[in-house]
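Subject: Structure handover

Hello,

I am passing on the structure below, followed by notes on what was found in it. Please read the notes alongside the coordinates.

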4 protein chains.
Amino acid sequence: MIVVMKCEASISQVSAVIKGIEELGFKAHPSKGAERTIIGVIGSNRTVSLEALSDLPGVEQIVHIAKPFKLVNREFKPADTVISINGVTIGGLEAVVMAGPCAVESRDQLLKAAHAVKDAGAKILRGGAFKPRTSPYDFQGLGESGLELLAEARKETGLAVVTEVMTPSDVSLVASYADILQVGARNMQNYSLLEAVGRAGRPVLLKRGMMSTIEELLMSAEYIFSAGNSEVMVCERGIRTFERYTRNTLDISAIPVIKKYSHLPVIVDPSHSTGDRAFVRSASCAAIAAGADGLIVEVHPSPETALCDGPQSLRIPEFAEMMTQLEAIAAAIGRRIGK
Amino acid sequence: MIVVMKCEASISQVSAVIKGIEELGFKAHPSKGAERTIIGVIGSNRTVSLEALSDLPGVEQIVHIAKPFKLVNREFKPADTVISINGVTIGGLEAVVMAGPCAVESRDQLLKAAHAVKDAGAKILRGGAFKPRTSPYDFQGLGESGLELLAEARKETGLAVVTEVMTPSDVSLVASYADILQVGARNMQNYSLLEAVGRAGRPVLLKRGMMSTIEELLMSAEYIFSAGNSEVMVCERGIRTFERYTRNTLDISAIPVIKKYSHLPVIVDPSHSTGDRAFVRSASCAAIAAGADGLIVEVHPSPETALCDGPQSLRIPEFAEMMTQLEAIAAAIGRRIGK
Amino acid sequence: MIVVMKCEASISQVSAVIKGIEELGFKAHPSKGAERTIIGVIGSNRTVSLEALSDLPGVEQIVHIAKPFKLVNREFKPADTVISINGVTIGGLEAVVMAGPCAVESRDQLLKAAHAVKDAGAKILRGGAFKPRTSPYDFQGLGESGLELLAEARKETGLAVVTEVMTPSDVSLVASYADILQVGARNMQNYSLLEAVGRAGRPVLLKRGMMSTIEELLMSAEYIFSAGNSEVMVCERGIRTFERYTRNTLDISAIPVIKKYSHLPVIVDPSHSTGDRAFVRSASCAAIAAGADGLIVEVHPSPETALCDGPQSLRIPEFAEMMTQLEAIAAAIGRRIGK
Amino acid sequence: MIVVMKCEASISQVSAVIKGIEELGFKAHPSKGAERTIIGVIGSNRTVSLEALSDLPGVEQIVHIAKPFKLVNREFKPADTVISINGVTIGGLEAVVMAGPCAVESRDQLLKAAHAVKDAGAKILRGGAFKPRTSPYDFQGLGESGLELLAEARKETGLAVVTEVMTPSDVSLVASYADILQVGARNMQNYSLLEAVGRAGRPVLLKRGMMSTIEELLMSAEYIFSAGNSEVMVCERGIRTFERYTRNTLDISAIPVIKKYSHLPVIVDPSHSTGDRAFVRSASCAAIAAGADGLIVEVHPSPETALCDGPQSLRIPEFAEMMTQLEAIAAAIGRRIGK
């Protein structure tokens, strides 16, 4: 349920409605917009009627939200969520490209990648310091020294930094270095982690689990919202199907579906979804054409020697060439991307 | 295996190689190109060596093709297959839009749709006369009288016609009315039907089964080729996954994957893959941006009263508006579409 | 809808109800049981009320069936369907084992297999004469001479024969040799074929498509029923998932699900579902324990030389050993199997 | 790689081999069996040859393990892993039933369930104190007071307790109450949690992610092993497919597959895999017949009022009845279950 207040409602009227909601046993999530305040009413499926609230002064109407996600629902907040980071705006007119290596491997590798992706028009640097790997015997990332290299690359290039955090106890450490906290696909339903990033005071990039429905993705975003963080972008990164010529199957329709049902920005990862650099350009063009608000792309100065995901990483010239094509497609649909 | 003949090889040299192939127990599929002839060698996985053939006069080299599809493999024929129908070219610079109702319902419905989609830039009229339906109690199509209406619409508008054929005994009937024979998703592995359309002397639109891999799709195309028909286009129409906000999941990466491994034109069906007209435009834009050679789109003058697939059919003005956007995207990647 | 007649209803009362149904624009499917007649009412989702029928003499009640399958629905016919073939009963107390090679390859191979599976307790001989193969270059079966060998094996051993029919024009040929017509997984939604076997006057084994839902399987059985053939058994043969250690994933829960919603016998194919003979015994034991009415198992005298599906075919001694274990499990749940 | 030592190898010979392994840049995992010691050699895919080790005194042979999981691989340890907890043995001749409510809701509910499942033959009590829920607005479990109730139920009934732990910082708390730590399906690839339970000194029940392959499940078990905990049992709980008549699809073949490739005990969850109590009995019978080492079943004194998973929870008399049938099936395959 949402209580929509009148434009002219006073602060004390809003407070009275919140008090009324809580007395009925629900939680109130007020959201003050430019014109009016709306209040989300969250609670179990009890049969208590909220209709009495509609008689309180200042209330315009009460709206029922059928889907299980409430705060991230477009019915609750019709306007697109726009997130600003270091002068970069995500969710607005411009589509934003995040690029960089899968894993931070060395100072040289990271700085080379950072300068190159910036030159080609990327606005945000990606790179993993903590790497979730299927095998305990694979390279697990450089940890805090990787975070330090990311901070150095940010200082050198001015790019904002997005990097993954894998467990609640690392959240404050990662948040002290990164501009955007990434929650990886395998952790999409790690609720303790969702709550921790919900309290971290940093924008969050939440990746869809490879086995998760769009509804579950939005429910996980709801966890972050309900813990107090409304700067969430969701990321489609391919789902698991029976098809074997690609690593995963990019669910391109997730873009219009999420934008219909939610106000959150949608980012697409063309690298993990295809798993093969030969297909990354097509997937990226498709994502921008379908309305994505951004891309997160793996680019490596020397994919052959990468410790992680080499086959799906673009070479630097391939990335630059792709950016040129993306600019043309973005223009065709009235958006901007890149330089 | 493929035997690549020298440019200057004579006809009798080609014949001698074919004879040599057959004497080793294989079948030969010669293909005469502008510059040279290449000969596909097809047979079971026997361990007989074909190396002896390389000593025959006129042979340049012998190439092994690892994938199980041979004649539709891009290694066998590196140049794109281009199909011409009534002055429309599929697989070339221009992306082609096929549009019309799911099912032919009446003269009025079909003609209205045909004129409208032509006006908006479609080049081919779609419409089902024989409808495969999950339930025996649902509308099964008008049958031959539906084919007659399609022929009338073609005469009136000049649009070529694509329509589905469901069983071998109907192939000659449908071929007498239609310009392109469609094999539906449920029949992708109906091998008797594949062989029948392989002998029909009409271009074929082969839809991917909702449960089929890209490799299986190309193997089914191989059936049609090996029966003698090389005018085949394949169609990605969404695969079945666990996601429930869309009817199927459009496998957008199938476009670059098929174009890498095969020379066949790739058509995308944004209607069946999403199942909801709200998502058809995004899916169509994505498909063209990803390099599809065409679209097959459901358009209905009055979706609310459609006997079949109403919720996923575009209204006529929505289709026209989408065509305008597609023109811009096609231009951005150096192709043309529409008027 | 189903019209349940009173026990004492007369023939003319039944006729009057049928006439009433038809006058309302529906089709009537009367089914005369030991105690009473029930009449299925089939038609499009029109909003015509059938309530008027309840006033006709002899009508006890009118029951609404919510699921889209009607005639194969257990609400329509609560008692299990039992099919008798050559003295073998399918769907009753005894679970029935069908066994034999994937493909009929030679007289020697087939007779050796037939005698061996009979000795071990199988009641029905399986073997393909027409083989649907993903590749046009693979062995496609012996065709009619394979059917002749099956008939010879039946004569020698007394086993009934089940074999696949792939296209409508072959139905009468195959029906002239076989006791049970098999519709394969790839043809589960080949509606022309379903209608043809529906008129063939032979019991049908309908295999579930590898990515078809249980509801679609039952809808395909409904096609056969509505064409006039009520001797249908359905076969779970594994569905396609992301798991790669088995060829398909045996959907063991399909057994209780189908038995809850339908009255049809359920057969399980442990060979195609696992794709590896190492797992066939466990899958077979599971199927019998879960309540399957039978198994269809690939057994080959010499799997190493099989032209088709060798890796999943049991050797003869493995099959005999498995039958002993199945006897114990069947006994534990109060059923019989084997000798 | 595994180094198999001779039976008569001395401790100092083993130490010398371990030193040799480490000098080559690998990690050594020695495992002392009753007859001989074997040493797992773990490391990245480097091309360093270990053949030199075969010349060291006391080495019998060096075995290459192709699959990515090593310590949990049956090639590394051919004998079944058997875990003893409070006199209950998991992985031996007896199949063990774990039963109880989805969530601990109250003292009365839990004790009623505990006594009832014990009377029917269960050996271990299940019940969630920390509940991972898709929605932040659903009941999240009683937390530590739920753990206290579980400890009380153990004291009253003598049943061992299995309960879920969701985040690394809770591991020591949960381990202070529980006999078995459960890692839930959503956390199967929460590597921080896997490492934490790997150091917890308690047996672990690791549930398969609902869209994880068997190989990934065994890789996650490898994480726990490589952190030092070899008391791991894995649990098949249904995977996500396109089928909609059940909540998930029980992958029954996972039982023989895991038992072929790994030495770990396999537990089956018939409740989450089917999602409907009507199908739990069939699924349980199938699992025992297929060779599962145990079941984990949801049982509730009053499913209608359950705060979680009511529709899939068995009523107490249904559970007792099922246990009787399971006893007969276990006997038929030479095992024991229940009282």
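The contact between chain A and chain B takes 35 residues from chain A and 35 residues from chain B, where two residues are in contact if their C-beta atoms, placed from the backbone, lie within 7 Å. Four helices of chain A each supply at least two residues of the side that touches chain B: H6 (214–226), H7 (254–261), H9 (280–289) and H10 (316–332). That side of chain A divides into 21 nonpolar, nine polar and five charged residues. Here Ala, Val, Leu, Ile, Met, Phe, Trp, Tyr, Cys and Pro count as nonpolar, Asp, Glu, Lys and Arg as charged, and the others, Gly among them, as polar.

On conventions, this is a predicted model, in which local features need pLDDT of at least 70, side-chain atom pairs count only at pLDDT 80 or more, and totals for chains, interfaces and linings use all residues. Residues are numbered from 1 along each chain as its sequence is written, while chains are lettered from A and ligands numbered from 1 in the order in which they are written.

Next, chains C and D. Chain C is superposed on chain D by a rotation of 180° with 0.0 Å of shift along its axis, at an RMSD of 0.1 Å (least squares on the C-alpha atoms of residues with pLDDT of at least 70 in both copies). This is the relation of a two-fold axis. The residue of chain C that comes closest to the rotation axis is Ala286(C), with its C-alpha at 2.0 Å. Because 100% of the interface residues of chain C are also interface residues in chain D, the copies meet through the same surface.

Finally, the sheets. Chain A has an open sheet of four strands in the order S2-S3-S1-S4, with antiparallel pairing. Helices (H or I, at least four residues) and strands (E, at least two) are DSSP runs, numbered from the N terminus, and two strands pair if DSSP finds at least two bridges between them. In chain A, S2 (27–32) and S4 (59–63) stand at the edges with a single partner strand each, so one side of each has no neighbour in the sheet. Strand S1 (residues 2–5) of chain A is joined to S4(A) by four bridges, and the two run antiparallel. Val4(A) has Gln61(A) as its bridge partner in S4(A).

Chain D also has an open sheet of four strands, ordered S2-S3-S1-S4 with antiparallel pairing. In S4(D), Gln61(D) stands opposite Val4(D).

Regards
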